[in-house]
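Take a moment with the sequence and the model below. Turn the model around before you read on. Then follow the text from the whole chain down to single residues.

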Amino acid sequence: MSAATFAVRPASSRQLAGTGVLLRFALRRDRVMIPVWVAVNALMVLSMPNTLKGLYGTPAERADLVGQMATNSSLRAMVGPVFGDSLGALTAWRVGVYAGALAAVAGLLVVVRHTRDEEESGRQELVASGAVGRRASLTAALLAAAVANGVLALLVAAGLAGQGAAGALAFGLGIAGVGMVFATLAAIVAQLTESARLARGLTAAVLGAAFVLRAAGDSATDDGSSPLTWASPIGWLENLRAFAGERWWVLGLFAGAVLAQGAVAYALAGRRDLGMSFLPSRPGPAAGRLGSAGALAWRLQRGGVLGWSIGFLLAGLVYGGMADGAADLVGDNEGAREIFQRMGGQSGLTDAFLAAMVGILGLVAALYIVASVLRLHGEETSGRAEPVLAGAVGRLRWAAGHLAVAFGGSVLLMLLAGAGLALGHGERVGPIIGACLVQVPAVWVIGGVAVLLYGLVPGAAMGAWGVAGAVLLIGWIGPALDVPRAVLDLSPFGHLPKLPGGGMAWAPVLFLTALAAGLVGAGLAGLRRRDMTA
């Protein structure tokens with residue numbers, strides 16, 4: 001497009017000029033991340049009907065489950081209320097909360113990456129110097145999020161159509177609606193803040209608050225009618241009641257929120273200069289001592305560590321309090337008992353449940369370590385690493401500060417998770433904390449893969465998210481589908497002893513620790529030899 005053509009266009013058209021090119025570029029950059037997030041979410045949803053059919057094969061068993069959930073407030077806080085006893089309704093109940101949350105995370109990551117991240121790195125300034133409209137980048141980012149959520153909605157609707165076409169369509173649209181609500185919210189926050197890290201953190205904090213509001217509302221009522229539930233977009237997904245007399249008007253809440261937040265984001269984008277923000281940055285010098293690369297790394301990452309730590313402690317408290325209730329819910333259901341035993345070992349049902357929750361928390365900790373390790377990549381590509389390395393700081397010393405926060409932080413998270421589980425359960429503090437710490441070597445292996453990719457092939461560093469997503473998928477869905485042992489063994493978590501309740505095995509723990517050390521060493525060797533990003 002020539003500059004002359006750009007100049008004679010109407011003002012509204014000029015502001016969106018170049019959107020198509022930027023959208024194609026965004027989708028190309030996210031050709032790994034978006035498919036992985038969509039695939040993990042879709043497989044989690046679509047695998048559930050067959051799993052539930054194996055667990056609750058008769059109408060009587062499903063009706064009994066619905067009746068028990070009406071009296072089990074702790075489990076409602078975790079997965080929400082159930083509105084029907086069909087396989088479709090049970091699928092929406094079992095995975096709706098988590099599918100919506102995953103879609104929200106994907107939406108906020110995509111939008112922040114293609115808006116504030118681009119400005120922070122300086123690439124947006126180069127793009128804006130061409131014939132590109134003022135709001136083209138924001139539009140392309142939102143369209144990329146819409147593509148991801150649209151594909152997810154189509155997969156869910158098509159895959160669950162056998163359970164009822166109307167319910168499948170409503171459920172798919174509801175999940176996509178949650179994703180787009182948080183995508184447009186991220187678009188607003190990206191205009192308010194000057195840091196992509198802060199934009200992601202604030203939007204994720206709102207998502208966490210939405211989850212807590214929904215959990216509090218659902219624990220208080222068994223029909224989703226609490227005002228706290230209605231205050232959360234995740235609660236809207238529940239109250240859509242897919243496969244249980246769909247409330248189609250609830251989709252209007254999603255549409256209204258997306259349109260309103262999108263309008264605010266567009267208005268803000270038109271009122272600020274490139275690279276600036278509405279929330280002023282705190283002027284320096286920074287308070288406190290920053291006399292080393294490690295101190296700087298801690299200053300940059302301490303907010304994330306604090307947020308993750310609070311989340312793990314609260315999750316541990318919730319899961320620990322649910323242990324006895326989960327045993328009562330499973331009762332004599334052999335199918336459910338077998339799934340818990342595949343996830344948590346052959347010990348008693350309460351121990352198997354606790355071991356399964358420990359494993360899930362370990363899988364989530366893998367997401368933390370990937371995010372923390374990849375902070376190195378963000379510092380390098382944004383140019384902030386260059387002035388640090390220009391001084392008397394070597395590459396390995398600079399990287400070691402961030403890796404100490406990443407790997408040490410994962411230990412802290414699992415310690416807090418163990419403390420929460422023990423406090424929630426009310427007994428066996430030592431064995432439960434020990435079970436959580438046994439997960440650390442597997443978490444470190446995922447972190448080691450991230451270091452390896454960053455050090456040797458920085459352009460493929462974001463592929464570490466794909467590895468973490470695949471491990472999460474294997475650990476979460478694999479036991480429910482009774483996949484072959486060879487598939488479960490692809491995850492480092494599949495080799496760990498099932499604690500508490502099972503016997504301790506030191507060989508796999510030591511092997512995984514050595515493997516993580518080897519991966520980190522290879523990654524750092526690559527970082528020391530390669531050129532830094534210009």
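Among contacts in the protein between residues at least 6 apart in sequence, what percentage join residues at least 24 apart? The figure is 75%. Keep in mind that this model is predicted. The protein has 27 helices and zero strands. It holds 534 residues, and buried residues make up 51% of them.

Now look inside. The largest nonpolar core has 145 residues. Phe171, Ile175 and Phe493 touch the most other members of this core. Helix H8, residues 87–114, gives the most to the core, with 18 residues. Setting aside residues up to four places away in sequence, Phe493 touches Gly362, Leu363, Ala366, Gln439, Ala442, Val443, Ile446, Val471 and Lys498.

Next, see how helix H8 meets helix H13. Their axes come within 10 Å and cross at roughly 165°. An angle over 145 degrees counts as roughly antiparallel, so H8 is roughly antiparallel to H13. The crossing of the two helices is right-handed. On the H8 side, the contact is made by Val97, Tyr98, Ala101, Ala104, Val105, Leu108, Leu109 and Val112. On the H13 side, it is made by Ala196, Ala199, Arg200, Thr203, Ala204, Leu207, Phe211 and Arg214.

Stay with H13. It runs over residues 196–220, which is 25 residues. At 1.5 Å a residue, H13 should span 36 Å. Which residues of H13 are buried? They are Ala196, Ala199, Thr203, Leu207, Ala210, Arg214, Ala215, Gly217 and Asp218.

Compare that pair with another. Helix H3 covers residues 19–29, and helix H11 covers residues 136–159. Their axes come within 8 Å and cross at roughly 50°. H3 and H11 are therefore oblique to each other. H3 passes H11 in a right-handed crossing. H3 brings Thr19, Leu22, Leu23, Ala26 and Leu27 to the contact. H11 brings Ala136, Ser137, Thr139, Ala140, Leu143, Ala144 and Val147.

Pick out Thr19 in helix H3. Is Thr19 buried or exposed? Buried means under 20% relative accessible area. Thr19 has 11% relative accessibility, so it counts as buried. Leaving out residues up to four places away in sequence, Thr19 touches Ala136, Thr139, Ala140 and Leu143.

Move on to helix H21, residues 385–389, where you will find Leu389. Leu389 and Ala293 are 96 residues apart along the chain, with their C-alpha atoms separated by 9.6 Å. Apart from its neighbours within four places in sequence, Leu389 is in contact with Gly394, Arg395, Trp398 and Met532.

Finish with the loops. One loop lies between helix H15 (233–239) and helix H16 (250–269), and Arg241 has its place there. Arg241 is not a glycine, yet its phi is positive, at about 55°. Phe243 is found in the loop between H15 and H16 too. Its phi is near 65°, again a positive value in a residue other than glycine. Phe243 counts as buried because its relative accessibility is 13%.

The last stop is the loop between helix H26 (485–488) and helix H27 (506–529), which holds Pro500. What kind of peptide bond joins Leu499 and Pro500? The bond is cis, with omega about 0°.

Technical notes: Residues numbered from 1 in each chain as written. Predicted model: local features only at pLDDT ≥ 70, side-chain atom pairs only at ≥ 80, totals over all residues. Heavy atoms only, no water. Helix = DSSP H or I, 4+ residues; strand = E, 2+ residues; numbered from the N terminus. Expected span 1.5 Å × (residues − 1). Buried < 20%, exposed > 50% of the residue type's maximum accessible area, 1.4 Å probe, protein only. Core = buried A, V, L, I, M, F, W, Y, C linked by side-chain atoms within 4.5 Å. Contact = heavy atoms within 4.5 Å. Axes fitted to C-alpha atoms, helices over the stretch in contact; angles between N-to-C directions. Parallel < 35°, antiparallel > 145°, perpendicular 65-115°, else oblique. Left-handed = near helix turned anticlockwise from the far one by under 90°.
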